[in-house]
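Open the model in your viewer and follow the stops below. Have residue selection ready.

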Amino acid sequence: MSRWQKFTVKVGELATGHELTLPVFRFEGRDPAAPSVYIQANVHGAEVQGNAVIFQLMKRLEQLDLLGRITLVPLANPLGINQKSGEFTLGRFDPITGVNWNREYQDLTPELPQWFDAHRHLEPAAMLQAYRQHLLAQCERQLASPWGVTTGRRLALSLQAMAHRADIVLDLHTGPKSCKHLYCPGYAKDAARLFAIPCVLLMPNEFGGAMDEAAFYPWWQLAQYASNQGMDMPPAVEAFTLELGSQERIDLQDAQQDCDGILAYLTSRCVVNGSMAAKTMTRYACELRDYRKYHSPVGGLVEYLATPGHPLPAGEPLARILRPDRFGHQDEQRLLCLDEDVIPVLHFASASVYQGTELYKVMTRVTQLT
Ligand SMILES: [Zn+2]
């Protein structure tokens, strides 16, 4: 039986003085040298399924032989999760600033030429430790700014500070109406064969403000810089965003599948003792630059025809646009097609769209992951 403890982390205060807090669960491993893990869910308010996966995972972790420490944060954005309007959960954007909650993380990479020169005398392990300390100190420094930080930035930096303590970071999200897909840094492609996720987007060494990037980018930058200096130092941290189907959905049985995939990955990384086979499935991959948005060419009402996760040959319809106002004309309904083979990964959640709405996101130039 693994030991665990629960504590809370304060991430803000409401106008009424109520505290915004997160529940944090920590499972201790028995090997201090084993990699440590940080897993969070529900930073976007409507994307609740990651909580079910964390729940199933904690049930399993109680029974497993843990080597590394695992920290889990369900319900990681209390403001976003409680931001309801009618029957829907909003919670994708900070309602005050309009910023996407998953673009608030910070690139804390130091100026590498100076940092590297100052630390190159250290043994590799000590150098990595000093690098981690730099990232943590930067989090603290920004949180303590005499000018304050926005609500969204405070949440992000608080989460980032926990993530920077770990060697493995998993950020659990969902799409709107979506198949499961994985954002995977290019250097960690072998891990994509372990998760129970069929579609894989391979990310470049770039930063765009998301949690996974905030976690892996400084380490990939360091690895790149060291390599240019003739030192072999692969990135010491792996970070992924797991998109676990559609928003506004809890499915505990399906969560078990993703829990098994995460455990297959964690056993391969010697965080959990034992061996756990990866699920056999066809996995598709493309580079992030080939993961493309399709915007509706017209406004209207949408019948979504292409099923997320199913390959769609060129010329087959993605969706039909219905325009009752154009009854009797040629454009009373219109099929929307692409002239190349794609795999639709997700589509807009609503059946009515403006011209220009991001209707589908599709993988192009797809290869099979073997
Ligand atoms: Zn999300």
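Which elements do the buried residues of α7 pack against? This is a predicted model, and the partners in it are β3 (37-41), α1, β7 (168-175) and β11 (238-246).

**Stop 1: α7.** Select residues 252-268. The end C-alpha atoms of α7 are 24 Å apart, which agrees with the 24 Å that its 17 residues should span at 1.5 Å a residue. Now colour the buried positions: A255, D258, C259, D260, G261, I262, L263, A264, Y265 and L266. Past the helix, pick C270, where phi is positive, near 60°.

**Stop 2: α1 against α7.** The crossing is right-handed. On the α1 side, show Q49, A52, V53, Q56, L57 and R60. On the α7 side, show L252, A255, Q256, D258, C259, I262 and L263. Colour this contact by type: 8 residues are nonpolar, 3 polar and 2 charged.

**Stop 3: the open sheet.** Move to the 4 strands ordered β16-β15-β14-β18, with antiparallel pairing. Which strands stand at the edges? Select β16 (333-337) and β18 (352-353): each has a single partner strand, so one side of each is left without a neighbour in the sheet.

**Stop 4: β14 and β15.** Select residues 300-304 for β14 and 317-322 for β15. These strands run antiparallel, joined by 4 bridges.

How values were computed. Residues numbered from 1 in each chain as written. Predicted model: local features only at pLDDT ≥ 70, side-chain atom pairs only at ≥ 80, totals over all residues. Pairing = 2+ DSSP bridges. Helix = DSSP H or I, 4+ residues; strand = E, 2+ residues; numbered from the N terminus. Axes fitted to C-alpha atoms, helices over the stretch in contact; angles between N-to-C directions. Left-handed = near helix turned anticlockwise from the far one by under 90°. Contact = placed C-beta atoms within 7 Å. Nonpolar A, V, L, I, M, F, W, Y, C, P; charged D, E, K, R; others polar. Expected span 1.5 Å × (residues − 1). Buried ≥ 20, exposed ≤ 12 C-beta atoms within 10 Å, placed from the backbone.
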